[in-house]
Amino acid sequence: MQGYEMSDNRYDGLKLENQVCFPLYAASREVIKQYRPYLDPLDLTYTQYIAMMVFWSEKKINVKALGEKLFLDSGTLTPVLKSLESKGYVKRYRSREDERVLMVEITREGEALKEKAVDVPAQMASCVNLNSEDAMQLYTLLYKLLGKLHKD
């Protein structure tokens, strides 16, 4: 059987070690797991945290635009927003200009959470332990990949 594998390479694409997606998937899971000790005291999941990052900079945004920024569909985003709203961090309402558009706006409580979260990026940087050049290269490559995969 060993000889067969060596002479027939058409199955090489099915080997885990030949997949770019696998280390990307595994690294993503591990990085998100590293966030847990920093986000648990804030009572946030990783997905809630990245949504709050958008609210901290945008203040208010429609759900469609938020989904585009976070690369999340409405099925994933809706429970995240409901949870953030129940915690008092955001409020959802229909746009006055167009009833079909659902808006989400940060509250005072959500804004106050920013101060509690301010050290999370530095704490995570110490966990990931990449030098700035490697981190920037990884960041650039990942956004390049996202741009190629996420074409409307």
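The secondary structure of this predicted model comes to 8 helices and 3 strands. Read from the N terminus, the elements follow the order α-α-α-β-α-α-β-β-α-α-α. The radius of gyration of the protein is 20 Å, well over the 15 Å that the globule rule gives for 152 residues, so the protein is more spread out than a compact globule. Along the principal axes, the C-alpha atoms fill a box of roughly 70 × 40 × 25 Å.

Of the 152 residues, 22% count as buried. The accessible surface is about 11,200 Å², and carbon and sulfur atoms account for 54% of that surface. Among contacts between residues at least 6 apart in sequence, 52% join residues at least 24 apart. The protein carries 22 positive and 22 negative side chains, and the centres of these two sets lie 5 Å apart.

The aromatic rings come next. A pair of such rings is described by the distance of the centres and the angle of the planes.

| Pair | Centre to centre | Angle between planes | Type |
|---|---|---|---|
| Tyr49 and Trp56 | 6.4 Å | 75° | edge-to-face |
| Tyr139 and Tyr143 | 4.9 Å | 55° | tilted |

Are Tyr49 and Trp56 buried or exposed? Both are buried. Together with Tyr35 and Tyr46, they form one aromatic cluster.

Tyr139 and Tyr143 are 4 residues apart in helix H8 (residues 132–149), so about one helical turn separates them. Tyr139 is partly exposed, with a relative accessible area of 47%. Tyr143 is also partly exposed, with a relative accessible area of 47%.

Terms used:
Residues numbered from 1 in each chain as written. Predicted model: local features only at pLDDT ≥ 70, side-chain atom pairs only at ≥ 80, totals over all residues. Heavy atoms only, no water. Helix = DSSP H or I, 4+ residues; strand = E, 2+ residues; numbered from the N terminus. Rg over C-alpha atoms; globule rule 2.2 N^0.38 Å. Buried < 20%, exposed > 50% of the residue type's maximum accessible area, 1.4 Å probe, protein only. Contact = heavy atoms within 4.5 Å. Areas by Shrake-Rupley, 256 points an atom, 1.4 Å probe, with all protein chains shown as cover. Lys, Arg positive; Asp, Glu negative; His and termini not counted. Charge placed at Lys NZ, Arg CZ, Asp CG, Glu CD. Phe/Tyr/Trp six-rings, centres within 6.5 Å; stacked < 30°, edge-to-face > 60°.
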